[in-house]
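Hi,

Here is the structure I promised to pass on to you. Have a look at it first, and then read my notes below.

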Amino acid sequence: MKEQSLFMKTVGKLESAVRWIVLVLLIIMVVDIITAVFFRYVLQNSIFWAEELSRYLMIWAGMLGAGLAMKDDAHIGIDFVVRALPNSIQFIAKVIAKLVVEIFLIVVFIESIDYLKTLSIQRSAALEIPMALPYLSVTAGMVFMAIENILGIIRLFDDENQRRQEINK
């Protein structure tokens, strides 16, 4: 049990760090866009790299934020069919759905590693950073979402055990 609590504490710290990282990325993105608009329309001199920076920041914030949404089960899903099923079958359907999602996340993660190898030599147009940096967001996002999805599966089993204990009382 201590191992699980240590794991849960570590994941809690990871979630907190990701929240802060997403917040900082969004703040930098807003400042970047406001500065770019000011320079373009007030000073009549545009910042050539501002749009590219905001695009990459948004990609990173979106990929990391998707993991936070996974934690809260906030991704769009069609569950009216699952809700129509008996409770025991609902549980099985939810676990299968989460396992399918996990397989998808693993496949995308593996493919993203291959893309990173290829993109490490390519540079972005304005910032001239390796294109592997923006694409690394996919890899990081898949890892974070996979962790949160596994925790979601664990929560499903915990909820099902609690439901069965309440029925047996």
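What follows is a short tour of what turned up, going from helices to loops to charged pairs.

Two bits of housekeeping. This is a predicted model, so local features need pLDDT of at least 70 and side-chain atom pairs count only at pLDDT 80 or more, while totals for chains, interfaces and linings use all residues. Residues are numbered from 1 along each chain as its sequence is written, and side-chain values use heavy atoms, with hydrogens and water left out.

Let's start with helix H4, residues 87–119. (Helices are DSSP runs of H or I with at least four residues, numbered from the N terminus.) The expected span of a helix is 1.5 Å times one less than its number of residues.

Which residues of H4 are buried? Among them are Gln-90, Phe-91, Val-95, Lys-98, Glu-102 and Leu-105. Buried here means under 20% relative accessible area, exposed means over 50%, and partly exposed is in between (1.4 Å probe, protein chains only). The cover over these buried residues includes helix H2 (50–71), helix H3 (80–84) and helix H5 (132–168).

Lys-98 is worth a click. With a relative accessible area of 13%, Lys-98 is buried. Leaving aside residues up to four places away in sequence, Lys-98 touches Asp-73, Asn-149, Gly-152, Ile-153 and Leu-156, where a contact means heavy atoms within 4.5 Å. Asn-149 sits in helix H5 and is buried too, at a relative accessible area of 1%. The side chain of Asn-149 reaches the backbone oxygen of Lys-98 at 2.8 Å.

Now for the loops. Most residues other than glycine have a negative phi. Gln-44, in the loop between H1 and H2, has a positive phi near 55 degrees. Gln-44 is exposed, with a relative accessible area of 64%. In the loop between H4 and H5 you'll find Glu-128, whose phi is also positive, near 60 degrees. At 56% relative accessibility, Glu-128 counts as exposed.

Next, the charged pairs. Side chains of opposite charge can pair when their charged atoms come close. How many salt bridges does the structure hold? There are 5, a salt bridge being a side-chain nitrogen of Lys or Arg within 4 Å of a carboxyl oxygen of Asp or Glu. Arg-55 and Glu-51 make one of them, at 2.6 Å from N to O. Both residues lie in helix H2, 4 residues apart, about one turn of the helix.

Arg-163 meets Glu-160 at 2.8 Å, and for Arg-164 and Glu-160 the closest N and O atoms are 3.0 Å apart. Glu-160 counts as buried at 6% relative accessibility, whereas Arg-163 is partly exposed, with a relative accessible area of 23%. Arg-164 is partly exposed as well, at 43% relative accessibility.

Notes: Helices (H or I, at least four residues) and strands (E, at least two) are DSSP runs, numbered from the N terminus. A polar contact is a pair of N or O atoms within 3.5 Å; within protein, one must be able to donate a hydrogen and the other to accept it, and residues adjacent in sequence count only if both atoms are side-chain atoms.
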